[in-house]
Amino acid sequence: MTDRSVQRSSGSLWLQAAIVTAFFSALMIRQSLQHGRLALPPTFDDVSYLNQGGYYLSIFDTQGFTGLLNTYLAGPPHAPISTGAAFAGLALFGVHDWIGAVTNAVILLFFSRLFLTVARDLTIAQSTLLLSALWCGPYIGMTLIWFRPDMLAALLVAIGTVYIVTRTDWVANRRAQIIGGIFCGLSLWGKPTIFPLTLALYGIAVLLTSLPAAFNREYKKILYAAIVLFGLAITVSLPYYAFSLDSVVSYIYDVVFGSQADIWVHPLPLVETLNFYLTGYYGKISIGWWVYGAPVVALLAFMTLWIGADITALRRALLVVALVLIAYVAVTIPTFKGPHGFPFAATLLVSTALAVTVIARSLPRIYSTAFCALILAVSLWQFEWEFTIAHSYVTTAQANSRHALVDEMTEVIGDSVENKTILFSTSSNYSNFLTLEFQYRQKGLPLPRWSVLHLSADFGEHEREIQKADIVVAYTPEFTEVIPNLPTASAEFRQRFVDAVKQSGLFSDPALIPDPVLGGGILIFKRIGVR
């Protein structure tokens, strides 16, 4: 069996984590800059968090810490951790398309270090092989390249809940309760709009880990442990929710039940519902082939614990499996589906990584190293570049054509946009108002006022905004890169909007920016007298 007596220093673990993180981050960012997501203009939802971080940075540059605090208190950001990461990245490295990925790499360094803490009794070679296997899985690649809170928040939920479930002395171990409470609080910061799911999964974890104490009728200890965890979680997250709970709840209601439900909520057939986070689109990009490999690893871990007659660990392993299954059910049942369901994928990833270390440390050293190499080989076999999994290989011509559209839009609209209102009736993937805003930030130019009605099917509202706009951006009916699920995306709606702008008599003849690759074009209307 692997020698558990060799305990490595914290510094060596940090160095190991840094080398592995830097190596794989450099490979993935380089490929993405050439042929993936980063080769294209930054777009939804990544660019919204980058722009929000840029907004807070501009406040900091002009008003200092007091202005930053007042701006936060007036309306905390939608995703505070992502906005904070964008703020730090932009402040340190400047405004670049790759800034989100580099910032994510720094954050993922801490998760790499945390895994090495779990695997610290393995040899350097063994733990490096396993950490490399983690990095070759689709979830980490996606977390690195996408700049949005869903993946990191889900990792916090997964690590916190798995940690709680694996504590054999949970109800008596105050330190474990405090650690669990801190993770729960950070999870609530990570993705505020899934806070009901976050609290539910932590509640399930507490319930599962408290089952042995419940059988012994230690109800008071269970209650105290829960109070410590959730009390600390509330304390940690209070600086955010004290100023934003109303807006978060309103957002959840609007998206799931209210005015935006028709856009985001789509009931699916039963089979498609069951596979959505397994082999469907979101399962493919977050779990990949590990949807088949994880059960095999779990079975091997159970066999290892059974052979070793470690009944306590075996029971805890069953609780981890129960947690994974409950996480799957919790994200599968709702008809509102998307990346906010990643806590299941993250919990599967974390539990599988934990199971692999259990197997590795149970084997003689040479067999343990061979097993770790096998895990890496499987991970390499299933490896795909992040954007290739989700979409396709991006050619240089495709990337250049998308950047050219944004560059031409910026050139036609001009640099003198301060105090001007620019109206967008709908949105496209790579030539939308947020991408333009990021472009203006890169150039260090003042920003316009944006009027964006892509979620509104009320044409009267569009007509009223036309009257107020200085510049109007419209997409021709033949333009194919609009976001299709928006109520303003149809060719008929776009044609009606173009006609309304022309008939208003307020604007000069539009400049047409053709899309030579996908067809159609973008029309830029300027109010008569606006240069």
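Analyst: A residue is called buried when its relative accessible area is under 20%, exposed when over 50%, and partly exposed in between, with a 1.4 Å probe and protein chains only. The model is predicted, so local features need pLDDT of at least 70 and side-chain atom pairs count only at pLDDT 80 or more, while totals for chains, interfaces and linings use all residues. Residues are numbered from 1 along each chain as its sequence is written, and side-chain values use heavy atoms, without hydrogens and water.

User: Why is Cys-184 called buried?

Analyst: Its relative accessibility is 0%, and the limit is under 20%; Cys-184 therefore counts as buried.

User: What makes Thr-435 buried, and which residues is Thr-435 in contact with?

Analyst: Thr-435 has 3% relative accessibility and therefore counts as buried. Leaving aside neighbours within four places in sequence, its contacts (heavy atoms within 4.5 Å) include Pro-41, Val-406 and Tyr-430.

User: How do you know that Cys-136 is in no disulfide?

Analyst: A disulfide requires a pair of cysteine sulfur atoms within 2.5 Å. The nearest cysteine sulfur to Cys-136, that of Cys-372, is 14 Å away.

User: Why are H7 and H9 called roughly parallel?

Analyst: Helix H7 (residues 149-165) and helix H9 (residues 195-209) pack at about 15 degrees. Angles under 35 degrees count as roughly parallel, over 145 as roughly antiparallel, 65 to 115 as roughly perpendicular and the rest as oblique; H7 and H9 are therefore roughly parallel to each other.

Technical notes:
Axes are lines fitted to C-alpha atoms, for helices over the stretch in contact, and angles run from 0 to 180 degrees between N-to-C directions. Helices (H or I, at least four residues) and strands (E, at least two) are DSSP runs, numbered from the N terminus.
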